[in-house]
Structures are given as C-alpha cells and as structure tokens.
Amino acid sequence: MARRNRVALVTAATIATIVVLAFCLLSIWNSSGLRDASSLTWGVNEGDEFVYLVVIGGYMTSIDPENSSNMILGPPYLAPMNNTLVRFNVTSFPSLPLVINGDIFAEEVLNYPKTECRFENGSEIPSIFRDYINRLLYRCLLPVGDWPLLDSLYPNETEMAYYPGVYLSRTYADSFSIGYLLYGTDTVSRWSGNVSLTTGIPIVTVSKYRAAGTRHNDRLVLVT
C-alpha cells in the first residue's frame with residue numbers, strides 16, 4: 001500500500017511539473033507574440049514566372065553647372081526603367097516557420113530573396129536597377145492560407161516610424177496589403193504591395209522616397 005501511495009505521489013508530482021512547465025512556456029509564447037503558423041503555405045511554385053510593367057515617377061534636382069545659384073529639375077534615378085516589362089522567376093522559398101511573430105516573419109519570409117528578374121525579352125537588367133526592382137517584388141510575395149494571422153502581425157498604420165521603421169499590414173475585401181515605413185531626419189521611405197488573396201502574388205507594388213530635392217514613386221503592375 002505504501003509503495004502504491006509513493007507511485008501515486010510521484011505521478012502527481014510529475015503531472016504538476018508538466019503543467020507548470022507548460023504554463024511557463026505558454027507565458028513565454030504569449031509575451032513574445034508567437035503564433036502558430038502551420039496554416040501558412042505557398043500559393044505559387046518555384047519556376048513560376050510573372051511579367052510586370054515598371055512605372056517610374058518623380059524627380060531629382062541638381063546644381064546648374066553654368067550657374068551654381070540655379071537648380072535643375074531632372075528625371076528620377078530609375079527613369080530608364082520607366083514603361084519597361086520585367087519578367088520575374090520564382091527561384092526559391094524560405095521554409096515557413098512553425099511559429100511566427102512580426103520580427104520572425106519579416107526576417108525569414110518578407111526579406112528572403114525569392115525571385116530573379118530580367119527584361120521580358122530575356123535581356124539582362126543593369127545591376128544598378130535590377131536589385132532594387134527585384135527586391136520591390138519579392139518582399140511582397142506572401143504565403144497564403146491565413147490572412148487574419150498575417151494581418152495580426154503588424155499595425156494597419158502608424159504615426160511613429162523612426163529607425164528601425166515599422167511594418168504594416170491590412171486586409172481588404174479583395175486583396176491584402178503588406179508594407180514598411182521609415183522616417184529619417186529629413187527623409188521618408190516607404191514600400192507596399194497589394195497582394196492576391198488566392199495566390200499571394202503582388203498585384204501592384206509601390207516604393208516611395210522623399211528627401212530634399214528628391215522624390216520618387218515607383219510601381220510594379222502585374223501584367224500576366
């Protein structure tokens with residue numbers, strides 16, 4: 001009888017320890033904002049290709065070489081890419097984490113290079129433009145399966161976006177918006193994308209930058 005009581009006490013103590021550990025883990029989970037991400041999956045495949053129209057807007061100012069007191073209004077840095085067609089190829093996907101919060105998702109999914117790009121006719125894009133254009137797309141290529149989860153990772157909007165900046169997300173009736181906003185001392189930079197709820201493919205992506213003497217508003221518009 002005494003031995004049976006000892007076994008019962010040991011069993012009860014073990015169960016109590018497990019319960020306490022589970023409670024502690026749950027507390028850590030909640031305080032870190034970690035969420036179960038097992039519902040997420042990729043809606044497109046490696047090797048899939050998409051064509052986008054590049055639309056470049058804005059301006060840059062420079063000093064008139066013949067009169068240093070005058071400023072010349074010129075085209076933006078990426079003007080040579082305006083109205084070109086770019087083909088993006090999905091090259092690889094990151095492994096989707098089992099649990100996520102905003103930091104994990106941004107580091108391991110949003111900023112993972114998922115695509116490569118060339119002009120639609122197959123020719124290479126100059127490297128000074130290619131990386132920027134490619135990054136503007138792959139940051140907005142998202143997994144599907146749980147839009148409420150992704151929406152919960154970031155605020156819809158913010159008035160405080162100083163370093164290191166703020167990621168933003170919002171669900172609409174026919175698309176999902178993902179983006180990032182950063183305030184500098186005299187600058188504002190922002191990128192965002194409206195994403196298909198079915199495939200996770202960006203329908204339109206936008207990059208905006210504002211500083212003294214410089215404005216740009218660059219877009220990628222899905223063609224096919």
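The legends below describe close-up views of a predicted model. Local features need pLDDT of at least 70 and side-chain atom pairs count only at pLDDT 80 or more, whereas totals for chains, interfaces and linings use all residues. Residues are numbered from 1 along each chain as its sequence is written, and side-chain values use heavy atoms, with hydrogens and water left out.

**View 1. The largest nonpolar core contains 44 residues.** A nonpolar core is a set of buried Ala, Val, Leu, Ile, Met, Phe, Trp, Tyr and Cys residues joined through side-chain atoms within 4.5 Å. Buried means under 20% relative accessible area, exposed over 50%, and partly exposed in between (1.4 Å probe, protein chains only). Met81, Val86, Phe105, Ile133 and Ile178 touch the most other members of this core. Elements that give two or more residues to the core include strand 2 (49–64), strand 4 (85–90), helix 2 (102–110), helix 3 (127–138) and strand 8 (176–183). Helix 3 gives the most, with 5 residues. Helices (H or I, at least four residues) and strands (E, at least two) are DSSP runs, numbered from the N terminus. In soluble globular proteins, nonpolar side chains tend to be buried together.

**View 2. Met81 and its contacts.** Leaving aside residues up to four places away in sequence, Met81 touches Val54, Ile56, Val86, Phe119, Ile125, Phe129 and Ile133. Contact here means heavy atoms within 4.5 Å. A second, separate core has 5 residues, among them Ala161, Leu168, Leu181 and Val188.

**View 3. The salt bridge between Arg87 and Glu120.** A salt bridge is a side-chain nitrogen of Lys or Arg within 4 Å of a carboxyl oxygen of Asp or Glu, and by this rule the count comes to 5. The closest N and O atoms of Arg87 and Glu120 are 3.1 Å apart. Because Arg87 lies in strand 4 and Glu120 in the loop between strand 6 and helix 3, the pair ties together parts that are 33 residues apart in sequence. Arg87 is partly exposed at 28% relative accessibility, and Glu120 is partly exposed at 35%. Glu49, Arg87 and Glu120 are linked in a network of salt bridges.

**View 4. The salt bridge between Glu157 and Arg170.** The side chains of these residues meet at 3.8 Å, N to O. Glu157 lies in the loop between helix 4 and strand 7 (166–171) and Arg170 in strand 7, 13 residues apart. Glu157 is exposed, at 60% relative accessibility, whereas Arg170 is partly exposed, at 26%.
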